[in-house]
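Me: I have a structure to go through. Can you take my questions one by one?

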Amino acid sequence: AGSTVEVSSSSAPVDGRPDGSSNAVPARPPSLLDRPGNWPRNLYLSQLPKKSAEELKSWMHWSCIAVVVRQSYQDDRADGADSSAAPAGGWPWEGCRSILSLGNGKITCATVHEEAAVLAEFSVA
């Protein structure tokens, strides 16, 4: 597995308004990891399907940081907890550099590598 660039276990800090309310805009970018922040650290990205960066960039695409990505693999956790449900304090404000591509009837979220690991892919009509 890859290495962690920066680790943070806190939820996203939020800028407040003068009246004391929150505008829900994070005060800083998420910390960078090699995977989405809600994915387990023991998952090997090398086992995920791959797409070439050239193919992903040939479609309409955006650079982003994948903080929360719905997992498309089986989670065999012994406690039976729902791995897609946010923990009580919210997801950690961390994730990986990624590309979100829309083309060929699919929306694809993948890591930013020449042979990108596909984090999620969904058909769109």
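Me: Start with K51. Buried or exposed?
Reply: K51 is buried, with a relative accessible area of 14%. Buried means under 20% relative accessible area, exposed over 50%, and partly exposed in between, using a 1.4 Å probe and protein chains only. This is a predicted model, in which local features need pLDDT of at least 70 and side-chain atom pairs count only at pLDDT 80 or more, while totals for chains, interfaces and linings use all residues. Residues are numbered from 1 along each chain as its sequence is written, and side-chain values use heavy atoms, with hydrogens and water left out.

Me: Where is K51, and which residues is it in contact with?
Reply: K51 sits in strand β4, residues 50–52. Helices (H or I, at least four residues) and strands (E, at least two) are DSSP runs, numbered from the N terminus. Leaving aside neighbours within four places in sequence, K51 is in contact (heavy atoms within 4.5 Å) with L56, W59, T108, E114, E115, A116, V118 and E121.

Me: Which side chain has a polar contact with that of K51?
Reply: That of E121, at 3.1 Å. A polar contact is a pair of N or O atoms within 3.5 Å; within protein, one must be able to donate a hydrogen and the other to accept it, and residues adjacent in sequence count only if both atoms are side-chain atoms.

Me: What about E94, buried or exposed?
Reply: E94, which is found in strand β6, is buried, with a relative accessible area of 2%. Its side chain makes a polar contact of 2.5 Å with the side chain of R41. The C-alpha atoms of E94 and I65 are separated by 8.4 Å, and these two residues are 29 apart along the chain.

Me: And R35, where is that?
Reply: R35 is in the loop between β3 (31–32) and β4. R35 is buried, at 1% relative accessible area. A polar contact of 3.0 Å joins its side chain to that of D34. A polar atom of the R35 side chain also lies 2.5 Å from the backbone oxygen of L43.

Me: Switching to the fold. What pattern does the protein chain follow?
Reply: Along the sequence the pattern is β-β-β-β-α-β-β-β-β, which comes to one helix and eight strands. Among contacts between residues at least 6 apart in sequence, 64% join residues at least 24 apart.

Me: How many residues are in the largest nonpolar core, and which are they?
Reply: Eleven: W39, L43, L45, L48, A66, V69, C96, C109, A117, L119 and A120. Strand β8 (residues 115–123) gives the most to this core, with three residues. A nonpolar core is a set of buried Ala, Val, Leu, Ile, Met, Phe, Trp, Tyr and Cys residues joined through side-chain atoms within 4.5 Å.

Me: What does A117 touch?
Reply: Not counting residues up to four places away in sequence, A117 touches L45, L48, P49, K50, C109, A110 and T111.

Me: Which residue has a positive phi although it is not a glycine?
Reply: N104, with a phi of about 55°. Most residues other than glycine have a negative phi. N104 lies in the loop between β6 (94–103) and β7 (106–111) and counts as exposed, at 65% relative accessibility.

Me: Last topic, confidence. What is the mean pLDDT of the protein chain?
Reply: The mean is 75, and 63% of the residues reach 70 or more; pLDDT is the predictor's confidence in each residue, from 0 to 100.

Me: Where does pLDDT stay under 50?
Reply: One stretch is residues 1–14, for which the model has 40 contacts beyond four places in sequence. Another is residues 74–82, for which the model has three such contacts. Where pLDDT is low, the predicted coordinates should not be read in detail.
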